[in-house]
Amino acid sequence: MSDSPYSPEPHPHDIASESTPSGDYDEAGVPTFEHVRDKIEGRYATAVGSTELAEESAAGRSIAQQQADRDAAARERLEQIRRSVRGEQ
């Protein structure tokens, strides 16, 4: 085996210098279920909070109003098409 820095096997001194895993990881360095769940819940809460803040801003309200206007126009246009297909004017 060579002493190249690109050697696939770590040197014994490299292993000894690794930090011990925290309480969120097991001895093999794998995260615990609780750690992963907490991380996912934290990210979800951040996403929900960001969405709520964006909707409460003036720009968010403006976009929501534009979407509502488009939906109403689409419903009206669909009703016009239905009336024309039925022969109503």
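Which helix is H35 found in? H35 lies in helix α2, residues 33-56. The model is predicted: local features need pLDDT of at least 70, side-chain atom pairs count only at pLDDT 80 or more, and totals for chains, interfaces and linings use all residues. Residues are numbered from 1 along each chain as its sequence is written, and side-chain values use heavy atoms, with hydrogens and water left out.

**View 1. The whole chain.**
The secondary structure comes to three helices and zero strands, in the order α-α-α along the sequence. Helices (H or I, at least four residues) and strands (E, at least two) are DSSP runs, numbered from the N terminus. Of the 89 residues in the chain, 3% are buried. Buried means under 20% relative accessible area, exposed over 50%, and partly exposed in between (1.4 Å probe, protein chains only).

H35 counts as buried because its relative accessibility is 18%. Apart from neighbours within four places in sequence, H35 is in contact with D24 and Y25. Contact means heavy atoms within 4.5 Å.

**View 2. Packing of α2 and α3.**
The two helices, α2 and α3, pack at an angle of about 80°, their axes 4 Å apart. Therefore α2 is roughly perpendicular to α3. Axes are lines fitted to C-alpha atoms, for helices over the stretch in contact, and angles run from 0 to 180 degrees between N-to-C directions. Angles under 35 degrees count as roughly parallel, over 145 as roughly antiparallel, 65 to 115 as roughly perpendicular and the rest as oblique. From α2, A54, E55 and E56 meet A58, G60 and R61 of α3. By class, this contact has two nonpolar, one polar and three charged residues. Ala, Val, Leu, Ile, Met, Phe, Trp, Tyr, Cys and Pro count as nonpolar, Asp, Glu, Lys and Arg as charged, and the others, Gly among them, as polar.

**View 3. Helix α3 and its end.**
Helix α3 (residues 58-86) has 29 residues and spans 42 Å from its first C-alpha to its last, close to the expected 42 Å. The expected span is 1.5 Å times one less than the number of residues.

**View 4. Salt bridges.**
The whole structure contains two salt bridges, each a side-chain nitrogen of Lys or Arg within 4 Å of a carboxyl oxygen of Asp or Glu. In one, R83 pairs with E76, the closest N and O atoms being 3.7 Å apart. R83 is partly exposed at 28% relative accessibility, and E76 is partly exposed at 39%. E79 forms a salt bridge with R86, with the closest N and O atoms 3.4 Å apart. E79 counts as partly exposed because its relative accessibility is 28%.
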